[in-house]
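Visitor: I have a structure open and would like to be walked through it slowly. Could we begin with the words you will be using?

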Amino acid sequence: PYIIIILEEKIQTCNFTSMKHSSINRFLSFLTFLSIAFGQFGDIHVSFDDRLLRGDEKQEVFQLKDDIRRFISSTPWNEEFSDLGIPLHVQFIFEGSSFKSGQKTYICQALFSNGSDQRYFDKGVQFFYSPGNALYFDPVLFDPLSSFLAFYSHLILAGEMDTYDLHGGAKHFEISREIAFRGQTSNLKKGWSSRSNLVDDLTSNNGLRKARLAFYFGVELFQEGLMDEAITEFQNMIDGLDQVYKEFGRDNYTMFFMKVQAETIADIFTKLGRKELLLDMKELDPDQHDIYQTASDSISR
């Protein structure tokens with residue numbers, strides 16, 4: 001019961017004047033120049049499904065959970081921003097092992113999520129692992145395991161930075177792309193072509209990127225009591241989602257974003273008394289029809 005979600009992104013440019021003003025405030029609130037900046041990820045939860053491994057293999061990967069957690073929490077993924085505290089959930093589903101080039105290679109599937117509207121499922125993971133050897137990410141030298149973890153860490157961070165500024169995650173998307181390129185030329189190249197395509201899909205779909213940015217700005221403005229500005233941003237969100245629908249139809253990543261945020265969107269639109277916005281969302285997201293219909297019905301005529 002794992003969902004493979006593939007995203008493609010494209011849309012025309014919308015008006016983001018109020019977004020740019022708000023993005024400056026949001027960036028300044030997180031900006032801290034440190035010689036070494038940790039803390040991009042907050043609560044890091046790592047889980048394994050190792051039922052298909054032999055008893056000795058389970059013992060070999062026993063320490064890996066802590067190694068992954070330590071690697072992600074201690075690596076300075078972004079030297080300008082600290083204390084972002086992004087939640088990160090990592091699950092490995094082991095399928096077995098084999099020997100390649102004289103080394104035991106673990107084969108598994110993996111799931112990465114920020115616990116909200118970012119979730120990536122990977123079917124073709126292969127890596128070497130020796131207990132006692134610390135994981136370390138080198139941006140130039142490829143390592144099957146640390147590079148794999150770095151790929152998705154940068155991808156999650158890119159998606160988060162996109163919610164602070166238009167295309168704010170570009171730097172981290174490019175790092176993920178570079179990692180995928182090196183993976184495709186490595187001895188364990190399985191899956192890296194698909195990961196490269198994933199980066200292309202995420203970066204090219206400007207529609208969803210702008211919709212997510214507008215959503216988070218809209219929520220912030222609503223919480224600050226700036227209702228007119230919030231409505232403008234939510235309309236920008238709807239415009240972005242509409243463009244994605246026109247160009248790609250029921251895109252899986254877009255549908256996942258709308259599913260995760262449906263309750264919040266419906267609640268805010270109800271408090272704003274905007275039946276027309278609820279109607280737009282009901283048409284864009286028929287899977288959440290009941291949520292938006294109930295919210296619309298609750299607004300007095």
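Guide: Let us start with burial, where buried means under 20% relative accessible area, exposed means over 50%, and partly exposed lies in between, using a 1.4 Å probe and protein chains only. Helices (H or I, at least four residues) and strands (E, at least two) are DSSP runs, numbered from the N terminus. This is a predicted model, in which local features need pLDDT of at least 70 and side-chain atom pairs count only at pLDDT 80 or more, while totals for chains, interfaces and linings use all residues. Residues are numbered from 1 along each chain as its sequence is written, and side-chain values use heavy atoms, with hydrogens and water left out.

Visitor: OK, so which residues of α8 are buried?

Guide: In helix α8, which covers residues 227–248, the buried ones are A230, I231, E233, F234, N236, M237, I238, G240, L241, Q243 and V244.

Visitor: And how far does α8 reach?

Guide: With its 22 residues, α8 reaches 31 Å from its first C-alpha to its last, close to the 32 Å expected at 1.5 Å a residue, where the expected span of a helix is 1.5 Å times one less than its number of residues. G249 follows α8 and has a positive phi, near 75°.

Visitor: Let me step back, how many helices and strands does the chain have?

Guide: The protein chain has eleven helices and four strands, and buried residues make up 50% of its 301 residues. If contact is taken as heavy atoms within 4.5 Å, residues 24 or more positions apart account for 71% of the contacts in the chain with a separation of 6 or more.

Visitor: How many residues are in the largest nonpolar core?

Guide: That core has 78 residues, and those with the most contacts inside it are F92, F94, F127, M237, F269 and M281. The helix that gives the most to this core is α4, with eleven residues. A nonpolar core here is a set of buried Ala, Val, Leu, Ile, Met, Phe, Trp, Tyr and Cys residues joined through side-chain atoms within 4.5 Å.

Visitor: How much of α4 is buried, then?

Guide: Helix α4 is mostly covered, since 18 of its 18 residues are buried. Leaving aside neighbours within four places in sequence, S146 is in contact with F71, Y136 and F137. A polar atom of the S146 side chain also lies 3.1 Å from the backbone oxygen of Y136.

Visitor: New topic, how many aromatic pairs are there?

Guide: A search of the whole structure finds 21 of them. Rings of Phe, Tyr and Trp (its six-membered ring) pair if their centres lie within 6.5 Å, and planes under 30 degrees apart count as stacked, over 60 as edge-to-face and the rest as tilted. Take F48 and F94, whose ring centres are 5.2 Å apart and whose planes are at 85°, so the pair is edge-to-face. Because F48 lies in strand β1 (residues 41–49) and F94 in strand β2 (residues 86–100), the pair ties together parts that are 46 residues apart in sequence.

Visitor: Is F48 buried or exposed?

Guide: F48 counts as buried, at 15% relative accessibility, and F94 counts as buried at 1%. The rings of F94 and F127 have centres 6.4 Å apart and planes at 70°, so this pair is edge-to-face. F127 lies in strand β4 (residues 119–128) and F94 in strand β2, so the pair ties together parts 33 residues apart in sequence.

Visitor: What else does F127 touch?

Guide: Not counting residues up to four places away in sequence, F127 touches F94 and others, including L64, F92, Y106, P144 and L188.

Visitor: Last one, where does R51 lie?

Guide: R51 lies in the loop between β1 and α2 (55–60), and R51 is exposed, with a relative accessible area of 67%. Its side chain makes a polar contact with the side chain of D49 at 2.7 Å. A polar contact is a pair of N or O atoms within 3.5 Å; within protein, one must be able to donate a hydrogen and the other to accept it, and residues adjacent in sequence count only if both atoms are side-chain atoms. The C-alpha atoms of R51 and I93 are separated by 8.6 Å, and these residues are 42 residues apart along the chain.
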